[in-house]
Amino acid sequence: MMHSSLRRIQHLNKSLNFDPKSSSSLRFRKLSTSNDKSNQLRSQIEERKQIVIQIENQASNGKRISSDLAKKNVEMRNSLTNIFNYDTLEAKRLTKDTLKHSFETIQKNENVHPIRKVEELETRNERGRRTYVLVHSDLLTEDGKAEEPLVFVNVALLKKIPSTIKEVFECKEESENSSHCIFYSIGSTQRGLNGIELAHFLLKKVIPMAKNEFSDMRNFLTLSPIPNFCSWIHSEVLNSPNDANKWFTEIELAQMNGFDYLKSSLERFESTTAEEKEVLRVPLMRLCAHYLCVEKRKRGALDPVANFHLKNGASVGKLHWMADTCTLRMSQSFGMMVSYFYNLELKEKNLIDYHNNSTVHIEDKVKILLEKSRL
């Protein structure tokens, strides 16, 4: 029986001109093996993703997380951590070839500055800009033609700190004297890998890559959104008219004709006049510094983006007034953005301080705003 099966396979190979020892046959077998490995990893990641979703659903519904589910989650996270660790992962710059294969994954997970077409991602990789991805050699894209991005970061190479996102998007020149590496968007693509410090790994690998490419590169920072600042203002500040003097000076309240008018101006901020915005600038910058540096959720920063960068060793560096005036950003943060600074000499100390003591490291320009705080 076994011999007859073997003869049938040999006959089929002969009829198809299939030589198992030929280079094309070896490539086919290698590709099949690669796809098998990739599919196995995808299955593991998907299984963990479903567990994460179940845990999140139980928590959001006020239910106690089952011990079996929690145990399974820890086991799977530990197993995946052994596979996706710093030494097994590689940071790569997207090229014209890999960009097209990675587009769908990045497009689905680009939540900071959404993209719709592959041409937009191509623009982000013209002169003066880069997209770096973190990959594992055994996890491939759906078409099997490139490694799947686990995390991506969009970078602009400038000679100074940008004050607006427009400066980043208009960056189309590249200079050997570029001294500022701006991380303006970072995203994770695999929910099943939550809890593994992939973004930390990517930034840790990208920084030396940029330093090697540009000899003057010495400043690494972000231009980041502040997604929940408006929500915090509305819930904590505007709902407390009796505490108006806690948040605003008498001069500020007088300039805005009292708390009620000030509240109205903040609620319709996008449509206020330039003069009204300018009056609101000082108190909003001060309140934003307080929100980012002082307000907490458990032991970490209340703002999710701040918490992400602080736990990766950054400091709160600089606030930017009206840095992004699109409707989304105006509704999130009154158009403000923030730069988190990555000081290479202090990065490890900062992340340890934040992890152990919830210490937020703050640069001088933000300290000045905090010193003016009324809290």
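Me: How many helices and strands are there in the chain?
Reply: In this predicted model, the chain holds 16 helices and nine strands.

Me: And what box do the C-alpha atoms fill?
Reply: Taken along the principal axes, the C-alpha atoms of the chain fill a box of roughly 95 × 55 × 40 Å, and 45% of the 375 residues count as buried.

Me: What about pockets, how much space lies in the largest pocket?
Reply: The largest pocket holds about 1800 Å³ of space, and its lining is made up of 48 residues, with Asn194, Pro304, Asn307, Phe308 and Lys311 lying nearest the centre.

Me: Which strand gives the largest share of that lining?
Reply: That is strand S4, residues 180-188, which contributes six residues to the lining of the largest pocket. Sorted by class, this lining has 21 nonpolar, 17 polar and ten charged residues.

Me: OK, now the second largest pocket, which residues lie nearest its centre?
Reply: Those are Arg42, Glu142, Glu148, Thr189 and Gln190, out of the 20 residues that line the second largest pocket, where about 490 Å³ of space lies.

Me: Which helix gives the most to its lining?
Reply: Helix H4 gives the most to the lining of the second largest pocket, with five residues, while helix H2 (23-60) and helix H4 (96-109) each supply at least two.

Me: How do the residues of that lining divide by class?
Reply: The lining of the second largest pocket divides into two nonpolar, nine polar and nine charged residues.

Me: Last topic, what does the accessible surface come to?
Reply: The accessible surface of the chain comes to about 20200 Å², and 50% of this surface belongs to carbon and sulfur atoms.

Note on methods: Residues numbered from 1 in each chain as written. Predicted model: local features only at pLDDT ≥ 70, side-chain atom pairs only at ≥ 80, totals over all residues. Heavy atoms only, no water. 1 Å grid on protein atoms, 1.4 Å probe; cavity = no way out; pocket = protein on both sides within 12 Å on 5 of 7 lines; lining within 4 Å. Points joined across faces, edges and corners; volume = space filled by probe spheres on them. Helix = DSSP H or I, 4+ residues; strand = E, 2+ residues; numbered from the N terminus. Nonpolar A, V, L, I, M, F, W, Y, C, P; charged D, E, K, R; others polar. Buried < 20%, exposed > 50% of the residue type's maximum accessible area, 1.4 Å probe, protein only. Areas by Shrake-Rupley, 256 points an atom, 1.4 Å probe, with all protein chains shown as cover.
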